[in-house]
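Let's walk through this model together, one neighbourhood at a time. Please keep the viewer open as you read.

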Amino acid sequence: MSVGNCLHPDGTWKPTGEVPIQSPEEDALAVKCWEAFKEQYTSAAERGMYMDTPVAEEDIKYRFRRLRDTFGITSEKALEIMETDALPLVIDAEYVKKTFDAMVAGASREKALEIVQRHPGILAAGPDVEGNMLQADVASNFINAAR
């Protein structure tokens, strides 16, 4: 089982999230995700905290798996997205899920995933993005072109 810290309603983080480890190959991809995170967020990875969010190796691996499950994609595709921008890994997995679900409600699963692939940081926008999917699409194209 992969266990990670989750944000609770009282504002505290507790190691209550669990996601099954699918296979040794999937676990190797989670390690690669951790490596990508460390490359993008070196000092946070060394401290184990990003602002007030726990980002120890087990937290990142847990959130990586939750992302994969939330998006309904393969671990390989999830790793590719996190190698583009690992920002979603410093956000509570349930918040990311609520945001993605709102994106799907505001457009479609395919469009939401397309936007996330171009600009993973959109998942920090929160559920209010549902009413702004056209703007999210335009912004993701601009950000992707600027990389």
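Beyond its neighbours within four places in sequence, Ile-73 is in contact (heavy atoms within 4.5 Å) with Arg-68, Ala-78, Ile-81, Arg-109 and Leu-113. You will find Ile-73 in the loop between H3 and H4; helices here are DSSP runs of H or I with at least four residues, numbered from the N terminus. Ile-73 counts as buried because its relative accessibility is 16%, where buried means under 20% relative accessible area, exposed over 50%, and partly exposed in between, using a 1.4 Å probe and protein chains only. Ala-86 is 13 residues from Ile-73 in sequence, and the two are 16 Å apart in space, C-alpha to C-alpha.

A word on the ground rules: this is a predicted model, in which local features need pLDDT of at least 70 and side-chain atom pairs count only at pLDDT 80 or more, while totals for chains, interfaces and linings use all residues. Residues are numbered from 1 along each chain as its sequence is written, and side-chain values use heavy atoms, with hydrogens and water left out.

Now look at the helices on either side of that loop. Two packed helices are described by the angle between their axes and the distance between the axes. Helix H3 (residues 57–71) and helix H4 (residues 75–84) have axes that come within 9 Å and cross at roughly 115 degrees. H3 is therefore roughly perpendicular to H4. For the geometry, axes are lines fitted to C-alpha atoms, for helices over the stretch in contact, and angles run from 0 to 180 degrees between N-to-C directions. Angles under 35 degrees count as roughly parallel, over 145 as roughly antiparallel, 65 to 115 as roughly perpendicular and the rest as oblique. From H3, the residues Phe-64, Leu-67, Arg-68 and Phe-71 meet Ser-75, Ala-78, Leu-79, Ile-81 and Met-82 of H4. By class, this contact of H3 with H4 has seven nonpolar residues, one polar and one charged; Ala, Val, Leu, Ile, Met, Phe, Trp, Tyr, Cys and Pro count as nonpolar, Asp, Glu, Lys and Arg as charged, and the others, Gly among them, as polar.

H3 has another partner to explore. With helix H5 (residues 93–106), H3 packs at an angle of about 20 degrees, the axes being 10 Å apart. That angle is why H3 counts as roughly parallel to H5. On the H3 side, the contact is made by Tyr-62, Arg-63, Arg-66, Leu-67, Thr-70 and Phe-71, and on the H5 side by Ala-93, Glu-94, Val-96, Lys-97 and Phe-100. The residues joining H3 with H5 divide into six nonpolar, one polar and four charged. Take Arg-66, which lies in helix H3: with 16% relative accessibility, Arg-66 counts as buried. Leaving aside neighbours within four places in sequence, Arg-66 touches Val-19, Ala-93, Glu-94 and Lys-97.

Finally, turn to the rings. The structure holds four aromatic pairs, meaning rings of Phe, Tyr and Trp (its six-membered ring) whose centres lie within 6.5 Å, with planes under 30 degrees apart counted as stacked, over 60 as edge-to-face and the rest as tilted. One of them is the stacked pair of Phe-37 and Tyr-41, at 5.2 Å centre to centre and 15 degrees between the planes. Phe-37 is buried, with a relative accessible area of 0%, and Tyr-41 is buried at 16%. Tyr-41 also pairs edge-to-face with Tyr-50, at 5.5 Å centre to centre and 90 degrees between the planes. Tyr-50 is partly exposed, with a relative accessible area of 25%. Together, Trp-34, Phe-37, Tyr-41 and Tyr-50 form one aromatic cluster.

Definitions and conventions:
Helix = DSSP H or I, 4+ residues; strand = E, 2+ residues; numbered from the N terminus.
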